[in-house]
Amino acid sequence: MIFSHLVRVFPQILVRNSLHMKVIAIANQKGGVGKTTTAISLAAGLAKLGKKVLLLDLDPQANATSGLGVEADSSIYYPLIGEAEMLDKVVSTERENLYIVPSGMDLSGVEIELARKDDHLTFLREILAGVRKNDEFDYCLLDTPPSLGVLMTSSLAAADEVLIPLQCEYFGLEGLAKIIHIISQVKESGAAPDLILGGIIMTMYDGRTNLSNQVVDEVKKHFPDQIYERVVPRTIRVSEAPSFGKTIFEHEASGSGARAYMAIAHEFLERQGDVPVD
Ligand SMILES: Nc1ncnc2c1ncn2[C@@H]1O[C@H](COP(=O)(O)OP(=O)(O)OP(=O)(O)O)[C@@H](O)[C@H]1O
Ligand SMILES: [Mg+2]
């Protein structure tokens, strides 16, 4: 199958590394697979476990910003074009330990502006060097747009690890092959030689369908160490939470979506060799 080939050709993207503040890109060039939902829910879960988390909303759609109920008059636009400090644009989400640099309308044309830069692959890594040095946050999560544009590729190049949310459906598998290839290309470009595939999170799992199970089995077969043990079920509550500006932990704390994302937050920390703060 395609994956056996990819793992043979690019084994180096599966090796773990260690740093201080970890930058995690949540990426999949395919749209609507649960990137933003995972970014919000993992960030909120880690914050509940006592980790100080900064979420960067790098998507002009600004779904992570609105999904957290954040209304801000400044956005990540000026830091991205080098006219403001990233740390100066951090705003509180009004939740303990959870901070965001919001996206906004002004981001809609930024891809074109950024593409003109000579360092369009590495500029975000350089911007984040300042945030890393400041060392105020334990984790910096990047919510990325569904494209292969500059915002997405520079996010990969800025990250220590990529987390791939993958919808439990056939086209999800095709998308997985593609993003693994892109991660390898970013590594080989020299922009992020230590970038690794930190995990694959299966989203919108429907246990009643054979297809969901087949897709999970297929990913498990080829990425046994990368696939997260806990899958995220498809639930109405998860899909409606952002319309209230609430995380799943606030919208339905005891539901299956909240339980899954909390288990994933624990699993994430374990994989980092990190532990919750009491
Ligand atoms: N576990 C789930 N159960 C039900 N609906 C979900 C679940 N996860 C995500 N959704 C819904 O699916 C849609 C796509 O999810 P989301 O916005 O997180 O994906 P995305 O990959 O960020 O999309 P885009 O590529 O447009 O940025 C949203 O309407 C979201 O509420
Ligand atoms: Mg999104």
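User: Hi! How much space lies in the largest pocket?
Analyst: About 360 Å³. Keep in mind that this is a predicted model.

User: Thanks. Which residues that line the pocket are closest to its centre?
Analyst: Gly 32, Val 33, Gly 34, Thr 37 and Met 204 are the closest to the centre, out of 20 lining residues.

User: And how do the lining residues divide into nonpolar, polar and charged?
Analyst: Eight are nonpolar, nine are polar and three are charged.

User: Which helix gives the most to that lining?
Analyst: Helix 2 does, with three residues. Helix 2 spans 35-48, and helix 10, at 236-240, also supplies at least two residues of the lining.

User: Nice. Which residues come nearest to ligand 1?
Analyst: There are 18 residues around ligand 1, and Gly 32, Lys 35, Thr 36, Thr 37 and Pro 233 come nearest.

User: What about polar contacts, say for the oxygen atoms of ligand 1?
Analyst: I can give you two. A backbone N or O atom of Gly 34 is 3.0 Å from a ligand oxygen, and a polar side-chain atom of Gln 61 is 3.2 Å from an oxygen of ligand 1.

User: Which residue has a polar backbone atom 3.0 Å from a nitrogen atom of the ligand?
Analyst: That's Thr 235, through its backbone.

User: OK, and how much of ligand 1 does the protein cover?
Analyst: On its own, ligand 1 has 630 Å² of accessible area, and the protein covers 81% of that.

User: Back to helices: which one has the largest share of the shell around ligand 1?
Analyst: Helix 2 again, with three residues of the shell. Helix 10 supplies at least two residues there as well.

User: Last one: how does the shell divide by residue type?
Analyst: Around ligand 1 you'll find six nonpolar, eight polar and four charged residues.

Definitions and conventions. Residues numbered from 1 in each chain as written. Chains lettered and ligands numbered in written order. Predicted model: local features only at pLDDT ≥ 70, side-chain atom pairs only at ≥ 80, totals over all residues. Heavy atoms only, no water. 1 Å grid on protein atoms, 1.4 Å probe; cavity = no way out; pocket = protein on both sides within 12 Å on 5 of 7 lines; lining within 4 Å. Points joined across faces, edges and corners; volume = space filled by probe spheres on them. Helix = DSSP H or I, 4+ residues; strand = E, 2+ residues; numbered from the N terminus. Nonpolar A, V, L, I, M, F, W, Y, C, P; charged D, E, K, R; others polar. Near = heavy atom within 4 Å. Polar contact = N/O pair within 3.5 Å; in protein donor to acceptor, adjacent residues only side chain to side chain. Areas by Shrake-Rupley, 256 points an atom, 1.4 Å probe, with all protein chains shown as cover.
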